[in-house]
Amino acid sequence: MEPIRSYASQEIEKDLNPIEPQKEPKFKKRKVWIPGLLLLTPILLFIFGFFVIPMLYILYLSFISTDNLGGADAVYSLKNYTQIFTDSYYLSSLWLTVKISLYSVLVSLFLGYPVAMTMAKSSARIRGYITLLIVSPLLVSIVVRNFGWYLLLLPNGTINQTLMALCIIDTPLKLLFSEIGVVIGLSNAYLPFMILSIVASLYNIDPSLDKAGAILGASPFRRFFSITLPLSIPGIVSGCILVFSLSMSAYVTPALMGGANVPVMPVVIYDQINNLLHWTFGSALSYILLATTVISVAVFTRMFEKGKFKEVFR
Amino acid sequence: MEVLKNDVEIKRTHTHLEPVQHLGSNKNDVEVKGAFKQFGSNVVLNGIDLEVKQGELLTLLGPSGCGKSTTLNLIAGFLDADQGEVYIKGNNVTKVPPYKRDLGMVFQTYSLFPHMTVYENLSFGLKLRKVGKAEQKKKISKALELVKMSGLENRYPRELSGGQRQRVAISRALVVEPELLLLDEPLSNLDAKLRHELRAEIKRLQKEIGVTTIFVTHDQEEALSMSDRVVVMNAGKIEQISTPTDIYNHPKTEFVFQFIGKSNCFEGKVSEVDKRRISVKIGDDITHVDADNIMGNDSNLKAGDEVKMYIRPEKVQIVPAEETALSLFDYHKAKISQINYLGTSWEINVLLQGKSVQVLTSSFNSSWQNGSEVYIGWSPSEVMLVKK
């Protein structure tokens, strides 16, 4: 009967535990709070001044309608938004942005996961070297990198010339100024974020879980799908969110690799504001892009946190 | 899921219906032959030969780095030996990966799959063995009942205490009815009370099921209390394989004596050797040792050899006056330097020729205090000698 008694007492402990933090006197909380707030004041002021206020200003602009010449009527209306949702050009641009971002996420996930697995399994020294290799592209300006891909992807660039010399294709593939080019560029640029967040997750998995799986009779293949993969979902999710939101808002790569052929939202917004001086309409487009990103990320995260593997998020 | 179908089919070397065939291995469930393993320049296993009998609980005991975990990993298949072979139920499994060995294992860190409920953890191995749903349910509830964890099927490991987790881990290892149960320091993450409780429980379970078990621990109390036989290891070698009482009372080497239990050590010189006893001169005193009680490889002692003499604190007898000391075979005058009351006994430190000797006794004379003169003595059969 001994174990049953101890089990019961553990149950009681568990029931009592959640109450305890609430019993803590309030002044103790305040003690921690004031210096914490003081330390955070500079960054809070900075963010408020240079992020919150501009964002609110843009939001304000997006509700102002303009005449055809771009002059503001100073009339508050939803005209900008209704225009976006009734014009198929902007809707298809939004869909294109989402599509390209999803492709970039998938490409970097499939390229990144094996790298992350290799890293998680190697020694601390090797892992350091691989990390260095992975983040080293970030040291090169995105513009410079884009021109590098330019040379590779041009109709008479390295890739097309090689493929044609090998007689695999007759006419050059349209790699540059196409969706493929943008996806190549984006997934290349954001691969490090994917790899590093998956590594963090894989590295946290107790190695004896794999041993336990093996002893119970699971082949390496089965162990990957039943143990390693489910337990790395938090890393996959955060990696996907990072790459997705970065891709959604990327301007340089789509502009250089896609040009006018791939009018993703950031490119369209830039055009509206800088070239057409439609500030208010551009502001509305920005908020549509932002809302799309936030909603997609929220739905995606919630799907996993409420789904079959909710336990791995705890 | 289609791809998952090429999963392992575990080939049992026997089913419970067929008579067990031991191919020349004579009821040894596990045999390790001449295992040698090196990590870089560090020799971890230096020629290990081990036989585990059917149904016994064998403990690998030793300090950390002695090679006990390496030996277990070798049997489990997580490590390949540089040399040597492993046989399980008479089959050479040296090259067989762990997932085809059909073993059960419990780890120090519990190693329950955190994203699966208790039930799913237990059904993991059963599914791989293609056990039907209804049969799974039956086996799982039986396995949980064995460890007194019924009713917690739908909990996640996070929602269990340490002791409960280890119970589930044990039942997960047993539910697949393995050929062999491996326990890798399963109790060292638990607090003292739970450790005691689970120790008794594992012992009971092992006898109830009769599964051959190899237990790795660095805790000598655990090893002595649970095992049928104990393997004491040190520096990649086996020092002694024997029953717990034999290990404690008749250690074969100096290391075993020192590692298990407490010990007093004296340095001296052999002064005389005859058939029954060896006389040893320690300082000015002569004491006697049974001629059988020699540890180490060199058991041929002759007069003039430098030796070390070992005796356990509870084997030292302590008496207040010389008259009562006459009943002892050898006795020496000593002075009490410290008295520690331990509840059931007294731990008394005495000075014998300036050297501190620990004595553990349950008969305490109330007049004793620091500085009291006493007599200590021992029987020649309780003292062990080793050549220096």
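Predicted model: local features only at pLDDT ≥ 70, side-chain atom pairs only at ≥ 80, totals over all residues.
Which residues point one way from S3(B), and which the other way? Leu57(B), Thr59(B) and Leu61(B) point one way, Leu58(B) and Leu60(B) point the other way, and all are buried. In general, side chains in a regular strand alternate between the two faces of the sheet.

S3 covers residues 57–61 of chain B, and five of its five residues are buried, so the strand is largely enclosed by the rest of the structure. Strand S8, residues 213–217 of chain B, runs parallel to S3(B) and is joined to it by five bridges. Within that pairing, Leu58(B) has Ile214(B) as its bridge partner. S3(B) also runs parallel to S9(B), with four bridges between them. There, Leu60(B) is partnered with Val231(B).

S9(B) leads on to a hairpin. Strand S9, residues 229–234, pairs with strand S10, residues 237–242, both of chain B, in the antiparallel sense over five bridges. Val230(B) stands opposite Ser242(B) in this pair. The hairpin has two residues between its strands, and Ala235(B) takes a positive phi near 50°.

The largest nonpolar core has 156 residues, and Leu182(B), Ile214(B) and Ile376(B) touch the most other members. Helix H9 of chain A, residues 179–203, gives the largest share of this core, 14 residues. In chain B, domain 1 (2–103 + 178–249) and domain 2 (264–387) both contribute residues, so the core lies between them. As for Leu182(B), leaving aside residues up to four places away in sequence, it touches Leu72(B), Ile75(B), Ala76(B), Leu103(B), Gly104(B), Met105(B) and Ile214(B). As background, nonpolar side chains in soluble globular proteins tend to be buried together.

Next, where the chains meet. The contact takes 29 residues from chain B and 25 residues from chain A. On the chain B side, the elements that give two or more residues are strand S6 (104–106) and H2. H2(B) supplies the largest share of that side, three residues. By type, the chain B side divides into 16 nonpolar, seven polar and six charged residues.

Among the buried ones are Val118(B), Asn121(B), Leu122(B) and Phe124(B). Their cover includes helix H3 (133–146) and helix H4 (162–175) of chain B. Just after the helix, Lys130(B) takes a positive phi of about 55°.

One more sheet. In chain B, six strands form an open sheet in the order S13-S12-S11-S15-S21-S14, and the pairing is mixed. Strand S13 (285–290) and strand S14 (294–295) of chain B stand at the edges with a single partner strand each, so one side of each has no neighbour in the sheet. S14(B) runs parallel to strand S21, residues 384–387 of chain B, and two bridges join them. In that pair, Ile294(B) stands opposite Leu385(B).

To finish, the chain as a whole. Chain B has nine helices and 21 strands. Its C-alpha atoms fill a box of roughly 85 × 45 × 40 Å along the principal axes. Of its 388 residues, 39% are buried. Among contacts in chain B between residues at least 6 apart in sequence, 67% join residues at least 24 apart.

Key:
Residues numbered from 1 in each chain as written. Chains lettered and ligands numbered in written order. Buried ≥ 20, exposed ≤ 12 C-beta atoms within 10 Å, placed from the backbone. Contact = placed C-beta atoms within 7 Å. Core = buried A, V, L, I, M, F, W, Y, C linked by C-beta atoms within 7 Å. Domains from an automatic or database assignment. Nonpolar A, V, L, I, M, F, W, Y, C, P; charged D, E, K, R; others polar. Pairing = 2+ DSSP bridges.
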